[in-house]
Amino acid sequence: SPFNFAPFYIHQYIDRAPSLTERPARIIYIDTDTVIMGDLAELYDTDLKGHPCAAVKYCLQTMDHYINFDVMKDLGYTDYDPKACIANRGLLVIDVERWTQLQLTEKIEGWMRQYGSSQKDL
């Protein structure tokens, strides 16, 4: 579903919010089926150590569950670990400036174009 990608555009949506006078430094995205049992300020204040975002590491599924790494290798992508845990995007803490600097939304779109134009299922 296209809505699976909504969190990766949230900073652009917020940039267009007429009620905001300045861009927030961070955005916390939380799926609607998530129960909050603590102070969200702790998430907001998490040290991202220079990373553009933080997500929940989910090791019950690995990258090879979603991606055909034989095809990826044929396309020249060899720097990925098929057994790496996935990141559950149901809870994200996004450093808006860093995310924008690294052009991550555009890179995700590039991956989606690559997937859409591939002759084989990635």
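Trainee: Let's start at isoleucine 67. Where is isoleucine 67 found?

Mentor: Isoleucine 67 lies in the loop between β2 and α3. Helices (H or I, at least four residues) and strands (E, at least two) are DSSP runs, numbered from the N terminus. Before going on, note that this is a predicted model: local features need pLDDT of at least 70, side-chain atom pairs count only at pLDDT 80 or more, and totals for chains, interfaces and linings use all residues. Residues are numbered from 1 along each chain as its sequence is written, and side-chain values use heavy atoms, with hydrogens and water left out.

Trainee: Why is isoleucine 67 called partly exposed?

Mentor: Its relative accessible area is 26%. Buried means under 20%, exposed over 50%, and partly exposed in between, with a 1.4 Å probe and protein chains only. Isoleucine 67, at 26%, is therefore partly exposed.

Trainee: How far is isoleucine 67 from aspartate 31?

Mentor: Their C-alpha atoms are separated by 23 Å, and the two are 36 residues apart along the chain.

Trainee: What lies nearest the centre of the largest pocket?

Mentor: Phe5, Phe8, Met63, Ile67 and Ala87 do, out of a lining of 30 residues. So isoleucine 67 is one of them.

Trainee: What makes a space a pocket and not a cavity?

Mentor: Both are found on a 1 Å grid over the protein atoms alone. A cavity is a set of points where a 1.4 Å probe fits but cannot get out. A pocket is an open set with protein on both sides within 12 Å along at least five of seven lines. Lining residues have an atom within 4 Å of a point.

Trainee: What volume does the largest pocket have, and which elements line it?

Mentor: The volume is about 1500 Å³. That is the space filled by probe spheres set on the points, with grid points joined across faces, edges and corners. β2 (53-62), α3 (69-74), β3 and α5 (104-117) each give at least two lining residues.

Trainee: How does the lining divide into nonpolar, polar and charged?

Mentor: It has 23 nonpolar, 3 polar and 4 charged residues. Ala, Val, Leu, Ile, Met, Phe, Trp, Tyr, Cys and Pro count as nonpolar, Asp, Glu, Lys and Arg as charged, and the others, Gly among them, as polar.

Trainee: Which residues form the largest nonpolar core?

Mentor: Phe8, Ile14, Ile27, Tyr29, Leu92, Ile94, Val96, Trp99 and Leu104, 9 residues in all. β1 (26-30), β3 (85-95) and α4 (96-101) each give two or more of them. To qualify, Ala, Val, Leu, Ile, Met, Phe, Trp, Tyr and Cys residues must be buried and joined through side-chain atoms within 4.5 Å.

Trainee: What does isoleucine 27 touch?

Mentor: Setting aside residues up to four places away in sequence, isoleucine 27 touches Ile10, His11, Ile14, Leu92, Val93, Ile94 and Val96. Contact means heavy atoms within 4.5 Å.

Trainee: Where is leucine 43, and is it buried or partly exposed?

Mentor: Leucine 43 lies in helix α2. At 25% relative accessibility, it is partly exposed. Its C-alpha atom is 9.9 Å from that of isoleucine 27, 16 residues apart along the chain. Beyond its neighbours within four places, leucine 43 is in contact with Arg26, Ile28, Leu91 and Val93.

Trainee: Which label does glutamine 103 get, exposed or partly exposed?

Mentor: Partly exposed, because its relative accessibility is 47%. Glutamine 103 is in the loop between α4 and α5. Its phi is near 55 degrees, a positive value in a residue other than glycine.

Trainee: What does histidine 51 touch?

Mentor: Asp95 and Arg98, not counting residues up to four places away in sequence. Histidine 51 lies in the loop between α2 and β2.

Trainee: Last, how many helices and strands does the chain have?

Mentor: 5 helices and 3 strands, in the order α-β-α-β-α-β-α-α. Buried residues are 20% of the 122 residues.
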